[in-house]
Structures are given as structure tokens and as C-alpha cells.
Amino acid sequence: MIAEIAAHRSVRHYRPDAVPQEVLDEILAAAVRASTVGNMQLYSIIVTTDPAMRRQLAPLHFNQPAATTAPLLLTFCADVNRFSRWCELRGAEPAYDNFCWFMNGVTDALLASQNASLEAEAHGLGICYLGTTLYNAGEIAALLRLPKGVIPVMTVSVGYPEELPPLTDRLPVEAVVHYETYRDYAPERLEALWHERETSEETRRLLEENGLPNLARIFTERRYVRDDNRAFSRKYFEELVALGFFNQ
């Protein structure tokens, strides 16, 4: 898997070719082998291949090409419903309808999604994580008929790439790794860590297109702005309550 990890890129345009069922089966088998809290597997995966369903999901992902051109969408959900129902069937009293177990479900779901993504890439497929799942979780939950105790946390689009985009840059390892204790970021260290990205040709082009003086302001004023952040945060929190993750 090391080659797939090093070569990962987000693919946003796919060929229309369907993912063969035997390949999909291997992707899903890899997903369920992921690490999981207490071996409880607090997640579910909704597989969407039907064109009509994909068309209904597309606007909930803002009609981005990664959603509209992909022949396969995998929606990973935090799911305490299945385990709770099994407990009740056995005369045990579950207590997983709360924020702590929502977080455990999110952890399980994202670990499974990464396994699935690596397996897909090992088969020559491309993938893209769709963060828009958080923005319209309630609408996606309704469309996919999710019961209480199940909420979408991430969608992965999968398909054969129309073309492979170049590798995107990453901060150096030392930017994110801390030994023994957290080492906070002094201004001079931040300057050094972001230097390569801020001086890249891509950043120069983005600054020119957006008429802004630095990359940070593209994030805060164009991509992820305060009002949207707060609105989507409130919306997702309301869905958590509606779907039963905040009982005391």
C-alpha cells in the first residue's frame, strides 16, 4: 500500500465506466477490516451506483464534478443504531445515543473510508473525499433513509480517472509531528513551514485570480468563510440532535 499512499491525489473527473462488482466487493471487504472502537464497527456504508440516485445526491454535493461524474459514491455514516438494536435484542441496555459515541462512530467510519480508498487506488481507481456531506447531512440522511442513530460523515466518490491530476503539495512532516509534547508555532517557524506552498506557481496564480495578497486570506475570504462555517456547523449540530446523538 505504500505506493498508493505516496501517489494519492484527489480525482474530480471520471470516465463513465462502472466499477466492476468484484472490484467493489474487494473495496468493501477492505473497508470492514479497518480498526474499530471495541470491535463494534459503529459505521455503515451506503453504496450508490444507480444513476437516478446519483442524480438526486448530486445537488446535495453542490453538483461538483467529483460527484456528478463518478459512477460510484460511498457514503460513510456513523452508526450506533445497529449495535444498539442488537444489544436490545439480547436484553442489554445500550447507552450509545450521545456525543461521545457519535465521535466513536465518526472515528470508525473514517478509518473504514481510508481503507476503502486505498483499496480502490490499488485497483487503478481514483477517489475524492466530498466534504459537502457535512453541509447537507440531513438532506442526505433523508434521501438515503437513515434511521435515528445514523448520520453521514463523509462521502467518497470512486471511478476510473478521466485524467490523473498532478500531486498536490503537503506541508513537511515536521509541520504536523510533535515529539513527546506539543510544540506551538512561533511566527518564524510558520514562515518556514509554509514557505514552499506560499511561493509556488499555483499560489501565485490563485492570488492573481482572487486579487488577494496572501494564501491565508483565500481560505478565510473565499473558500471557508466565517458565516458559512457557522451556518453549516449549526445545521449539522441540529441534525445530530434530530438523529438522536444528544440524549442524556
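**Close-up views of a predicted model**

View 1. The UniProt annotation "domain: Nitroreductase", from an unreviewed entry, covers residues 5–160; UniProt positions follow the numbering used here, feature names are shortened, and annotations may be inferred rather than shown by experiment. This is a predicted model, in which local features need pLDDT of at least 70 and side-chain atom pairs count only at pLDDT 80 or more, while totals for chains, interfaces and linings use all residues. Residues are numbered from 1 along each chain as its sequence is written, and side-chain values use heavy atoms, leaving out hydrogens and water. Over residues 5–160 the chain is 44% helix and 19% strand, with the end C-alpha atoms 17 Å apart. Helices (H or I, at least four residues) and strands (E, at least two) are DSSP runs, numbered from the N terminus.

**View 2. The open sheet.** Here 4 strands line up in the order E1-E2-E4-E3, with antiparallel pairing. At the edges are strand E1 (43–48) and strand E3 (126–130), each pairing on one side only. Two strands pair if DSSP finds at least two bridges between them. From one strand to the next, the twist averages 25 degrees. Look for E3 beside strand E4 (residues 150–159): 5 bridges join this antiparallel pair. Ile127 stands opposite Val158 in E4.

**View 3. Helix H6 over the sheet.** Helix H6 (residues 99–122) lies across E1, strand E2 (72–79), E3 and E4, and runs at about 155 degrees to E2. Axes are lines fitted to C-alpha atoms, for helices over the stretch in contact, and angles run from 0 to 180 degrees between N-to-C directions. Contact means heavy atoms within 4.5 Å.

**View 4. Helix H2 against H6.** Helix H2 (residues 21–31) packs with H6 at an angle of about 145 degrees, their axes 7 Å apart. Glu26, Ile27, Ala30 and Ala31 of H2 touch a group from H6: Ala112, Asn115, Ala116, Glu119 and Ala120. Sorted by type, the contact residues are 6 nonpolar, 1 polar and 2 charged. Ala, Val, Leu, Ile, Met, Phe, Trp, Tyr, Cys and Pro count as nonpolar, Asp, Glu, Lys and Arg as charged, and the others, Gly among them, as polar.

**View 5. Helices H11 and H12.** The axes of helix H11 (residues 201–210) and helix H12 (residues 215–223) come within 10 Å and cross at roughly 50 degrees. That makes H11 oblique to H12 (under 35 degrees is roughly parallel, over 145 roughly antiparallel, 65 to 115 roughly perpendicular, and the rest oblique). Thr203, Leu206, Leu207 and Asn210 in H11 meet Leu215, Ile218, Arg222 and Arg223 in H12.
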